[in-house]
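Biologist: I have just opened this one and would like to go through it with you. Could we take it piece by piece?

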Amino acid sequence: MFLLYRNKERWGEHVWMGTAVVRAFSNMPLVMGDIVTIWSSNAYTDIGDLQTILDIFSDLGLVRVFDEEMLNAAIFLITAGPAFLYMLASALCEGAESFLFDPRDAQKLIANVFHGASLMLQEGQKSAVDLVQLAALSYETNLASLHVLEKEGFRSGVIQAMIACSERADEMEK
């Protein structure tokens, strides 16, 4: 038997008792049946418990196991990642509307673009950096827009947001 917790504060209460404890986090697409779950476990969690957890969460989507020290950084990727995509989609929709796109049409186009891009990332033949460069070189308009994003601090903003998320998760554990 094992205890499944999100809050590390409660995790500590059980370590001294020799109880198997697992901390797990899943992201918002759970409602669509396609989630990412990350988890870590303490030293009392045996291989049978780990397999049970893997079996449960694998039926729902992708599962990755991290060392406890990496969990808060990984939380950013699976929980804030969808929020960032929604924010980017919102900005793209707003921009499209300024060019008189119907908001519903813009959202559908954007969702399909994200889906296709996601499939290319999952395929794994090219890194995200390579895919950005490929897209930039494919159309001069892409290159112009990417220059603006870099100038406005898009990449550094995302990295700083990741750090802030991880730091906030650390604070919440205290």
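Biologist: Which side chain does arginine 168 meet in a salt bridge?

Modeller: In this predicted model, the side chain of arginine 168 meets that of glutamate 171, with N and O 3.3 Å apart. Both residues belong to helix H7, and since they are 3 residues apart there, about one helical turn separates them.

Biologist: Are arginine 168 and glutamate 171 buried, exposed or partly exposed?

Modeller: Arginine 168 is partly exposed, because its relative accessibility is 46%, and glutamate 171 also counts as partly exposed, with a relative accessible area of 46%.

Biologist: Which residues of H7 are buried, then?

Modeller: The buried ones in H7 are Ser166, Ala169 and Glu173. They lie on the same side of H7, because the arc they cover around the axis is only 60°.

Biologist: How far apart are the ends of H7?

Modeller: The end C-alpha atoms of H7, which covers residues 154–173, are 29 Å apart, and this agrees with the 28 Å that its 20 residues should span at 1.5 Å a residue.

Biologist: Back to salt bridges: how many are there?

Modeller: The count comes to 3 salt bridges. One of them joins arginine 155 and glutamate 150, with N to O at 2.9 Å, and another joins aspartate 102 and arginine 104, whose closest N and O atoms are 3.2 Å apart.

Biologist: How exposed are the partners in those two?

Modeller: Arginine 155 is partly exposed at a relative accessible area of 47%, and glutamate 150 is partly exposed at 43%. In the other pair, aspartate 102 is partly exposed, with 28% relative accessibility, whereas arginine 104 is exposed, with a relative accessible area of 60%.

Biologist: Let me step back. How many helices and strands does the chain have?

Modeller: The chain has 7 helices and 4 strands, and from the N terminus on they run in the order β-α-β-β-α-β-α-α-α-α-α. Of the 174 residues in the chain, 24% are buried.

Biologist: And which element has the lowest mean pLDDT?

Modeller: That is strand S1, residues 2–5, with a mean pLDDT of 46, while helix H4, residues 103–123, has the highest among the elements, at 93. Over residues 1–6 the pLDDT is below 50, although in the model this stretch has 25 contacts beyond near neighbours in sequence. For the chain, the mean pLDDT is 82, and 86% of the residues reach 70 or more.

Biologist: Where does threonine 45 lie?

Modeller: Threonine 45 is in the loop between strand S3 (35–41) and helix H2 (47–58), and this residue counts as buried because its relative accessibility is 9%. If its neighbours within four places in sequence are left aside, threonine 45 is in contact with Ala20, Val21, Val22 and Leu50.

Biologist: And in H2, which residues are buried?

Modeller: In H2 the buried residues are Asp49, Ile53 and Phe57. They sit on the same side of H2, because they cover an arc of only 60° around the axis.

Biologist: One last thing: in which strand is glycine 61 found?

Modeller: Glycine 61 is in strand S4, residues 61–65, and with a relative accessible area of 23% this glycine is partly exposed. Its C-alpha atom is 5.7 Å from that of valine 36, although glycine 61 and valine 36 are 25 residues apart along the chain.

Technical notes. Residues numbered from 1 in each chain as written. Predicted model: local features only at pLDDT ≥ 70, side-chain atom pairs only at ≥ 80, totals over all residues. Heavy atoms only, no water. pLDDT = per-residue confidence, 0-100. Helix = DSSP H or I, 4+ residues; strand = E, 2+ residues; numbered from the N terminus. Contact = heavy atoms within 4.5 Å. Expected span 1.5 Å × (residues − 1). Buried < 20%, exposed > 50% of the residue type's maximum accessible area, 1.4 Å probe, protein only. Arc of directions from axis to C-beta. Salt bridge = Lys/Arg side-chain N within 4 Å of Asp/Glu carboxyl O.
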